[in-house]
Amino acid sequence: MENVIEVNHPVIKSLVTELRDINTKSYVFRKTLNEIARILFIEAMRNEKLINREVEIWIGKGKFPVIDEEKYVFIPILRAGLPMLGGIFEVLKNAQAGFIALKRNEETLESVLYYDRVPPLKNKTAIILDPMVATGGSLDYAIKVIKEKNPERIISLNVVGVPQGLSKISKKHPDVKVYIAQIDEKLNDKGYIIPGIGDAGDRAFNTE
Ligand code: PRP
Ligand code: URA
């Protein structure tokens, strides 16, 4: 799984434990997803090429390095990916976003697409935001939808996954770099991650 990077940082591990805690209520759950997304994004940008922007500073005009915001389109997978977008906007304040909604059929574990509103991706880096990679079906589906729009590159930021789903993505999409906060042990017979964080969409939006 060469294209899957588990981000081993004490802060990120502590935040994941906060998500696991069943006493973490939806507001803090969303806020924690937001914080983890910000750290994952910073990690994903570690070796990114910068552009020089002309800036007027206290001693006059000069050129200084910045991330080329226009190059990136952030795509949260609704619902559970939505709280991650706020964390990105805290770093890239003028970033573009597109939306894909997928729902896993909890009987068959197949993903169903019910909303696709992604802007043109030609010459862009598409960054997928979704907390969970369980069977990997949803991420695989999202990548297929995004690839049809011909982006230059795809990165996925995820919070908790299991080897089963991640190796599926790795085999089918070796060109997609996946940054994940925590690789957990396994899936249970209902396709939930063990130990995991429970149902991320329900916990984020206080539904059952
Ligand atoms: C969750 C999660 C992923 C998917 C992962 O979404 O956010 O998109 O499950 O499972 P998979 O790897 O087996 O496909 P869910 O379908 O529960 O929808 P929700 O975000 O609206 O709750
Ligand atoms: N979706 C979730 O929200 N949680 C899991 O553990 C698996 C899929």
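How far is an oxygen atom of ligand 1 from an N or O atom in the side chain of Ser138? The distance is 2.5 Å. This is a predicted model, in which local features need pLDDT of at least 70, side-chain atom pairs count only at pLDDT 80 or more, and totals for chains, interfaces and linings use all residues. Residues are numbered from 1 along each chain as its sequence is written, ligands are numbered from 1 in the order in which they are written, and side-chain values use heavy atoms, without hydrogens and water.

**Ligand 1**
- Ligand 1 is surrounded by 17 residues (a heavy atom within 4 Å), and the closest are Arg104, Asp130, Ala134, Thr135 and Ser138.
- A polar backbone atom of Ala80 is 3.0 Å from an oxygen atom of ligand 1.
- For a backbone N or O atom of Gly136, the distance to an oxygen atom of ligand 1 is 2.8 Å.
- Of the 500 Å² of accessible area (Shrake-Rupley method, 1.4 Å probe) that ligand 1 has on its own, the protein covers 96%.

**Surface around Trp58**
- Trp58 lies in the loop between strands β2 (51-57) and β3 (60-66) (DSSP runs of E, at least two residues).
- Trp58 is exposed (over 50%), with a relative accessible area of 79%.

Key
Helix = DSSP H or I, 4+ residues; strand = E, 2+ residues; numbered from the N terminus. Buried < 20%, exposed > 50% of the residue type's maximum accessible area, 1.4 Å probe, protein only. Polar contact = N/O pair within 3.5 Å; in protein donor to acceptor, adjacent residues only side chain to side chain.
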